[in-house]
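Me: I'm new to this one and would like to learn how to read it. Could you show me the structure and then walk me through a few features?

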Amino acid sequence: MYSQGLDNLGDLPPEQEAELVATFQARIDAEEKIEPKDWMPARYRHTLVRQISQHAHSEVVGMLPEGNWLTRAPSLHRKAILLAKVQDEAGHGAYLYSAAETLGVSRQEMVDDLIAGKARYSSIFNYPTPTWADVGAIGWLVDGAAIINQVPLCRCSYGPYARAMVRICREESFHQRQGYDIMQSLCSGTDAQREMAQDALNRWWWPSLMMFGPPDSDSVHSDQSMAWKIKRFSNDDLRQKFIDITIPQAEHLGLNVPDPDLRWDEESQHYEFGPIDWEEFSAVLAGDGPCNEERADAFAHKYEDGAWVREAAAAYAQKHTTQSKGKS
Amino acid sequence: MSNASNQGWPLYEVFVRAKAGLDHRHVGSVHAPDDELALQHARELYTRRMEGVSLWVVRSSAIVASDPASSDALFAPAQDKIYRHPTFYTVPEGVDNL
Ligand SMILES: [Fe+2]
Ligand SMILES: [Fe+2]
């Protein structure tokens, strides 16, 4: 159903293009949704393809750090929950690849880019998960940060992306709660368990804050994305919101947030926090994080391992089409 | 080793009936090599939380859609036929159940 009304921008005289752009922006300003076959500026399409495909890759690569614990979860109950959570993330990837496909890029191209190491995904998934508490910290903090980022995307101007986000957000709060539940169990356990929870918070806190992207002063794509209503709030606003929401949750667990500069500011009614190490962020994005290579290899191998299933399914489908053609 | 093995998998649109008495509603799409697997994929992707009691999948290529460029020609004529709506008529004061 999502065939493309491709914008043959090259063929349009400039006045006509300006008119189309003006009508397009007016629709956005009026909070109308843009649908796949509608005319859209090439840059809007391009921005969305980049953002949605990166988002899809993040969901898919995001399965790896937690997948690490699927066979080692401490009980059958925890294992069933984690399995369901990881399966949801696969689904999120699938919803998002579909949304990107409506813009004229094929799923195979996107997957190939990921395998070739050409695609970006969220920096957070390049950190290791050495303990069970990491699974708790990921659900609580990483899915928590994702929720803050994703809720405004439910109102994104591009219809298929917004609809995918509605479905995703519906599933995310289970992810966050199961993570917090793991943290709670650990924090009400032995000293060693509490230490394990604290250690996980220490390692995941700063990378979670980086999930909201560079500070507004350095954010390259922000203004245009805001005008197009792809983005609704700035990186810094969302980050602040996450911090304000999360600190009391950490206090409830009896854990210390690893930031000596953290303090409640009565006047602004927000938490003040210390400087974020943006050099670390850039390094991880550029491929120098603790697990970048491991993730890329794991994904490529899993994809290869599954090739025989895809081939068998394709051969079976082929055989059946040939047979039914033979009969008629 | 063939990255091309699912390149040609057609796209299917997925419709879910949330419960008896409601229409099937479009929820998204899946790629699959054939109808049977499309249904399996749709079940796995869109009904993991009791979202539905019935599923339809249909090849996206089988759907005939109107072109947004001609939406004026198709839908605008309805705009000047407001007499098709009950709110067009004024009901005299004191007249009920109309
Ligand atoms: Fe997700
Ligand atoms: Fe999640």
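Predicted model: local features only at pLDDT ≥ 70, side-chain atom pairs only at ≥ 80, totals over all residues.

Me: Where is the place of Asp297(A)?

Reply: Asp297(A) sits in helix α12 of chain A, which covers residues 292-305. Its relative accessibility is 42%, so Asp297(A) counts as partly exposed. Asp297(A) and Val61(A) are 236 residues apart in sequence, yet their C-alpha atoms are 11 Å apart in space.

Me: Okay, on to the metals. Which residues coordinate the iron ion (ligand 1)?

Reply: The iron ion (ligand 1) is held by Glu59(A), Glu89(A), His92(A) through ND1, and Glu172(A), at 2.1 to 2.4 Å. Along the sequence, those donor residues follow the spacing E-x29-E-x2-H-x79-E. The angles among the 4 donor atoms run from 82 to 150°, and the site is irregular. The site also links distant parts of the chain: His92(A) belongs to helix α4 (residues 76-101) and Glu172(A) to helix α7, 80 residues apart.

Me: Are His92(A) and Glu172(A) buried or exposed?

Reply: Buried means under 20% relative accessible area. His92(A) has 0%, so His92(A) is buried. Glu172(A), at 1%, counts as buried too.

Me: And what coordinates the iron ion (ligand 2)?

Reply: Here the donors come from Glu89(A), Asp143(A), Glu172(A) and His175(A), at 2.0 to 2.2 Å. Their spacing in sequence reads E-x53-D-x28-E-x2-H. Angles of 84 to 169° among the 4 donor atoms make this arrangement irregular. Glu89(A) is in helix α4 and Glu172(A) in helix α7, so this pair ties together parts 83 residues apart in sequence.

Me: Last one: how do I describe two packed helices?

Reply: You use the angle between their axes and the distance between the axes. Take α7 (residues 159-187) and α10 (residues 235-253) of chain A: their axes come within 10 Å and cross at roughly 30°. Angles under 35 degrees count as roughly parallel, so α7(A) and α10(A) are roughly parallel to each other. From α7(A), the contact uses Gln176(A), Tyr180(A), Met183(A), Gln184(A) and Cys187(A), while α10(A) brings Gln249(A), His252(A) and Leu253(A). By class, that contact has 4 nonpolar, 4 polar and no charged residues.

Methods. Residues numbered from 1 in each chain as written. Chains lettered and ligands numbered in written order. Heavy atoms only, no water. Axes fitted to C-alpha atoms, helices over the stretch in contact; angles between N-to-C directions. Helix = DSSP H or I, 4+ residues; strand = E, 2+ residues; numbered from the N terminus. Parallel < 35°, antiparallel > 145°, perpendicular 65-115°, else oblique. Contact = heavy atoms within 4.5 Å. Nonpolar A, V, L, I, M, F, W, Y, C, P; charged D, E, K, R; others polar. Donors = N, O, S within 2.8 Å, 3.2 Å for Na, K, Ca; no water. Tetrahedral: all angles 85-135°; square planar, octahedral: opposite > 155°, others 65-115°. Buried < 20%, exposed > 50% of the residue type's maximum accessible area, 1.4 Å probe, protein only.
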